[in-house]
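Morning, everyone. Here is the model I want to walk through. Have a look first.

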Amino acid sequence: MRKSSINDSVRILRMLSFQRAWNIIRLKWSFQWSKWFNKAWHSGNPFAVSIEPTTACNLGCPACPSGLKAFTRPTGKLDLEQHEQWLEQLKKHTFYINYYFQGEPFLHPQFLDLIRAAKKHRIYTATSTNAHFIDAKKALEIVDSGLDRLIISIDGLTQETYSSYRVHGQLDKVIAASKHLVAAKRERKQQTPFLIFQFLVVKANEHEIDTLHELAHEIGIDEIRFKSAQVYDYENGNELIPDNERYSRYYKKKDGTYRVKFKGGDHCWRMWSSAVLTWDGQVVPCCFDKDAQHTLGTLQTESFSTIWNNDRYRDFRTSVLQDRNAIEICTNCSEGAKVWVD
């Protein structure tokens, strides 16, 4: 493990207090109890939360409802005052916030103010970006904000392969932004943000996997992650599904059709450990509910604690335990699942 990765893990641990650590123990115990008895019971509050800065995006990725402008929910941006109210409700138990759900975070004009607000409460902060809005000046501002982790989506190493998925995107902007961020960290003599290249593996770019390691090393990126693509129409094949099944969520059957590689499990730790908040305050179970079809409450009218403990949340946890495969958003998720054996 690289020293930078160890340092990143240590930074997360430093956010723990006795109260936050005890909360995790309560969550773990209640989750285990629920699995044993096949009935949802939880004690504690989520230690990790995803908060959506905006649903707006500058790209048109073919498997992304934000890029395709295919949401039924409204496009907007998080209000700073509401964000402060949410932090007050979360700060005792939450020590990890991912400021990303759908959309491009840096399209929020006060995005770094969100980061600075969370850092005041000793919360580890992360986000994901397509890096089209990061120049040398913005890179310094990002480092100065205290952002702990930044995932940079780089899904191709030539403009042709990159734009085949990142429609309307420019690879040279992504590479330039990455170099600006490394330079800004060196100028400020800071270890953060921990920089991750995330490579969404699809058929068009799978031949570039090995070359990505060379580019990341050359620039000074801390880590590389490969991500499999979620495809909505996969049964009869899809141009996005890679040939290398290691990087695919789907398995090609003998008759030439495809099925999901993972067999749905009977539990999900995310239902106990975390939650997702949309820009307008809807609380949804996880990041797979991209269009907020399973809203469990709204922070516009209720406190987070009330929503976290309400009947809708409890019923959803129970449905995951008892019949997870019947929940559409769970079918593409490998959490708590096993590889399907024919």
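Is Gln102 buried or exposed? Gln102 is buried, at a relative accessible area of 5%. Buried means under 20% relative accessible area, exposed means over 50%, and partly exposed is in between, with a 1.4 Å probe and protein chains only.

Some ground rules. This is a predicted model, where local features need pLDDT of at least 70, side-chain atom pairs count only at pLDDT 80 or more, and totals for chains, interfaces and linings use all residues. Residues are numbered from 1 along each chain as its sequence is written, and side-chain values use heavy atoms, with hydrogens and water left out.

Back to Gln102. It sits in the loop between strand 2 (96–98) and helix 4 (111–119). Helices (H or I, at least four residues) and strands (E, at least two) are DSSP runs, numbered from the N terminus. Leaving out residues up to four places away in sequence, Gln102 touches residues including Glu52, Arg73, Cys287 and Lys290. Contact means heavy atoms within 4.5 Å.

On to helix 4. Its buried residues are Phe111, Leu112, Leu114, Ile115, Ala117 and Ala118. Their cover includes helix 3 (80–90), strand 3 (124–129) and helix 5.

Now the helix pair. The axes of helix 5 (residues 136–145) and helix 7 (residues 171–188) come within 8 Å and cross at roughly 55 degrees. That makes helix 5 oblique to helix 7. Axes are lines fitted to C-alpha atoms, for helices over the stretch in contact, and angles run from 0 to 180 degrees between N-to-C directions. Under 35 degrees is roughly parallel, over 145 roughly antiparallel, 65 to 115 roughly perpendicular, and the rest oblique. Who meets whom? On helix 5, the contact residues include Ala139 and Ile142; on helix 7, they include His180 and Leu181.

Ile134 touches those four as well, plus others, among them Phe106 and Leu150, with neighbours within four places in sequence set aside.

Last, the backbone. Most residues other than glycine have a negative phi, and most peptide bonds are trans. What joins Thr192 and Pro193? A cis peptide bond, with omega about 0 degrees. Pro193 is in the loop between helix 7 and strand 5 (194–201).

Arg122 has a positive phi, near 55 degrees. It lies in the loop between helix 4 and strand 3, and is partly exposed at 40% relative accessible area. His168 also has a positive phi, about 75 degrees. His168 is in the loop between helix 6 (159–165) and helix 7, and counts as exposed at 62%.
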